[in-house]
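Work through the following exercises with the sequence and the model side by side, and try each task before reading its solution.

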Amino acid sequence: HNLDPANTRAVADMSRALVYLNRPDESIRLLEENLRKGADPLLKFRLGQVLVQRARKLGMLEMLEALIRKQELAREALRDCRKPAIRRWILLDLALDSLSVADPLRFHPPSVEDLESLYREYMAIPEKGLGTLSRISLT
């Protein structure tokens, strides 16, 4: 992959594309490689999501381990995040994951107030400047 490691959005989008192509192991390797170069909250959170997506095809124990790891990574990502826009993306994804099968044990249920606030912020996000995969993932 010839991605600029400083372009977090490109790495996250490539990771998402690899998952869409049913190549989660490659996605995990890409994220882990970039995280070894420097901790990035968005990539850390994305790694947790991919681990859960891959675990769906494995057993229950693997799924539980992946869900726990995802929660740890999400907590670290939110703690380390300094950019409000990235923090919003992580919170929005956490809320969406919690409302879907991505978090079947409901480890991180959002409150109604949090969901309403995230919805208002989501509606205010301009689509211009977003990559194609980012725009697709918003829908």
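Predicted model: local features only at pLDDT ≥ 70, side-chain atom pairs only at ≥ 80, totals over all residues.

**Exercise 1.** Determine how α1 and α2 are oriented relative to each other, and which residues make their contact.

*Solution.* Two packed helices are described by the angle between their axes and the distance between the axes. For α1 and helix α2, which covers residues 24–37, the packing angle is about 160° and the axes are 7 Å apart. Angles over 145 degrees count as roughly antiparallel, and therefore α1 is roughly antiparallel to α2. The crossing of these two helices, α1 and α2, is left-handed. On the α1 side the contact is made by Val-11, Met-14, Ser-15, Leu-18 and Val-19, while α2 brings Pro-24, Glu-26, Ser-27, Leu-30, Leu-31 and Asn-34. Sorted by class, this contact of α1 with α2 holds 7 nonpolar, 3 polar and 1 charged residues.

**Exercise 2.** Decide whether α1 and α3 are roughly parallel or roughly antiparallel.

*Solution.* The axes of α1 and α3 come within 10 Å and cross at roughly 5°. Angles under 35 degrees count as roughly parallel, so α1 and α3 are roughly parallel to each other. Residues of α1 that take part, including Val-11, Ser-15 and Val-19, meet Leu-42, Leu-43, Arg-46, Val-50 and Gln-53 in α3. This contact of α1 with α3 has 6 nonpolar, 3 polar and 2 charged residues.

**Exercise 3.** Find where Asn-22 lies, and describe its phi.

*Solution.* Asn-22 is located in the loop between α1 and α2. Most residues other than glycine have a negative phi. Asn-22, although it is not a glycine, has a positive phi of about 60°.

**Exercise 4.** Describe the second largest pocket by its volume and its lining.

*Solution.* The second largest pocket holds about 210 Å³ of space. Its lining includes Asn-7, Arg-9, Asp-40, Pro-41, Cys-81 and Ile-86, and the elements giving two or more residues to this lining are α1 (8–20), α3 (41–55) and α5 (84–98). By class, the lining residues of the second largest pocket divide into 5 nonpolar, 2 polar and 5 charged.

Terms used
Residues numbered from 1 in each chain as written. Heavy atoms only, no water. 1 Å grid on protein atoms, 1.4 Å probe; cavity = no way out; pocket = protein on both sides within 12 Å on 5 of 7 lines; lining within 4 Å. Points joined across faces, edges and corners; volume = space filled by probe spheres on them. Helix = DSSP H or I, 4+ residues; strand = E, 2+ residues; numbered from the N terminus. Nonpolar A, V, L, I, M, F, W, Y, C, P; charged D, E, K, R; others polar. Axes fitted to C-alpha atoms, helices over the stretch in contact; angles between N-to-C directions. Parallel < 35°, antiparallel > 145°, perpendicular 65-115°, else oblique. Left-handed = near helix turned anticlockwise from the far one by under 90°. Contact = heavy atoms within 4.5 Å.
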